[in-house]
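Subject: Structure for your files

Hello,

Here is the structure I said I would pass on. My notes follow below it.

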Amino acid sequence: MTEQSPALDNLLTESRTFPPSDEFAGQANAKADMYATADADREQFWAGQAERLSWDTKWSQVLDWTNAPFAKWFVGGKLNVAYNCVDRHVESGHGDQVAIHWVGEPGDTRDITYAQLKDEVSKAANALSSLGVVAGDVVAIQLQMVPEAIFAMLACARIGALHSVVFGGFSPTALRARVDDAAAKIVITSDGQYRRGKAAPMKANVDEALQGAETVQKVIVVRRTGSDLEGETPWTEGRDLWWHELVDGQSTEHKPEAFDSEHPLFILYTSGTTGKPKGILHTSGGYLTQTAYTHNVVFDHKPGEDVYWCTADIGWITGHSYIVYGPLANRVTQVVYEGTPNTPHEGRHWEIIQKYKVSIYYTAPTLIRTFMKWGEDIPAKYDLSSLRVLGSVGEPINPEAWIWYRDKIGANKTPVVDTWWQTETGAIMISPLPGVTAAKPGSAQRALPGISAKVVDDTGTEVPHGGGGYLVLDKPWPSMLRGVWGDDERFRDTYWSRFSEQGYYFAGDGAKYDEDGDIWLLGRVDDVMNVSGHRISTTEVESALVSHPTVAEAAVVGATDPTTGQGIVAFVILRGNAVDGGDDAVQELRNHVAKEIGPIAKPRQIMVVAELPKTRSGKIMRRLLRDVAENRQIGDVTTLADSSVMDLISSGLNSGKEE
Ligand code: WT7
């Protein structure tokens, strides 16, 4: 690691620790001896976790790693994932337990019991089958946080179809690329969504995306905004179907078929270092085993007692693993909220926690920092005494935010678990155990029982305590990705080539051991930015910028941002005949990126420059651009082809083109 920001230096001098209370430790699902048990026989340990699920046919082998990096877990086993998340809870007598307390943004609510969930999922499964969807087909889903999103995902799982959920904020272009790449047969969306008190169209964007899409046979539309949305919902006769017309009349009887443990469950696209998103492939038995296990031990979840709330969107892996699969497999009662945290007021989350007596709350550092900005007097107005575990995910959490979270939300008594994982890992990998670990603010600390992680140097040698390097996962794990959709070579290249000799998985994150051997995550070491916990590649934004007719060249960097973790800063050279880069031109480019990728990729700042800093061989020196973007003294410029370039750029940037 060559670069380190002052914030990271602060992290590394943090010395406070917060052990669990005796009371919490005594009742915890995971006790300290779990590490040793797992170490003694890893495969036996995971077999024990898999036994928490219901299998139609038991596996004959826990792990087959002979064809590495393509893993097979619970070889020969057969199960139905949806049955495990729904039916078995009804069969064990919990049909009346609420599975989902759904809260709509405008304030409408819906409580869905496990018996009702079983009916809804069965009807949706019958509906998909009636359209000719069979095991192995791909169903794309672009939906906001409505119950139908969860019904649809589980219906796919039930019939062995793969879902590919596309975040609602992604543009038509981004949706289309994902639909084409996976050859999706069906798309499920809604007429519109409520966002900050207003109804905004969804279906219209989907229609734009699907013009000429050859693989898509049917589009199923959930009615959500109805007449609140201006104008008619655009409709293609013969292709489009209303969810309620298609699903409501279906039978609630549906026999779940058992699929192979390695049967594909879903694809989820994530940004890599190139412009093209990767379809991360997850399969059934291992994925469900590890999501259920981690939800059980990291959040200390007690079925039928706890009320759990993960604030993620189902468009991201956190929504897949910790709203749908892990929690439902564990018979959760959970809150699902449709809207933004400040609609209609900044106390919305606390009001919901008070109302439903939420006991486990899992969110992202960017939101915690936003709550801090809004002020501690807002949560102070609500009764949050039901909370007993707080979780964080998506980026390193700075100690200040960690302490505020524990203190102002957790009454200075709840354990805070900082969970490190990725779309690719499928489930939590590094995290404190709330009843065991003396938590350190800002550190994810230690690989969970059954998981193995190391910090290594360039040569793959583990660094000593106190040393920094790259985070690797040195042993296969049940919920690991099984590949990149349609691109085995990219799978090997991206994750397995860097430390191929050792056979380590390269996570793309920098990390450091402290003196106790606890792990501190230091951010990405590749060209991937982390904006509000969302992964966006610099190349993807650069491609979007150069696709605009006025742009000749673009370089994008992630600059430290007090709220969003990183902010996107772009440097562009305009074409010779383009007018000078005034405010309108910059605004136009920001909108263009939003249109190409989605609003989350809109650069915070765009700087029109005459030159970009390049080495003599023509490589853009992003390091220097990051220095400029973060208002730092510019580093070593001796390898620059033209050393005056940096003076030009920094004087221009500081003269204020900021948005
Ligand atoms: C990247 C994965 C895992 C679900 C959300 C993001 C960063 C994630 C932490 C954490 C430090 C973290 C890493 C990782 N990250 N959690 N607790 N501490 N960094 O999933 O979009 O696949 O992004 O997010 O850089 O590689 P994702």
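Which residues does L117 touch, not counting residues up to four places away in sequence? They are V86, A99, I100, I112, F151, L154 and L328, where contact means heavy atoms within 4.5 Å.

This is a predicted model, in which local features need pLDDT of at least 70 and side-chain atom pairs count only at pLDDT 80 or more, while totals for chains, interfaces and linings use all residues. Residues are numbered from 1 along each chain as its sequence is written, and side-chain values use heavy atoms, with hydrogens and water left out.

L117 is among the residues with the most contacts inside the largest nonpolar core, which has 119 residues. Such a core is a set of buried Ala, Val, Leu, Ile, Met, Phe, Trp, Tyr and Cys residues joined through side-chain atoms within 4.5 Å; buried means under 20% relative accessible area with a 1.4 Å probe, protein chains only. Helix α7 (residues 147-159) gives the largest share of this core, ten residues. A second, separate core of 44 residues includes L281 and V531.

Helices are DSSP runs of H or I with at least four residues, and strands are runs of E with at least two. The axes (lines fitted to C-alpha atoms, for helices over the stretch in contact, with angles from 0 to 180 degrees between N-to-C directions) of α11 (residues 285-298) and α12 (residues 317-329) come within 8 Å and cross at roughly 85°. The two helices are therefore roughly perpendicular (65 to 115 degrees). Y287 and L288 are among the α11 residues in this contact, and Y325 is one of those in α12.

Regards

Key:
Angles under 35 degrees count as roughly parallel, over 145 as roughly antiparallel, 65 to 115 as roughly perpendicular and the rest as oblique. Buried means under 20% relative accessible area, exposed over 50%, partly exposed in between (1.4 Å probe, protein chains only).
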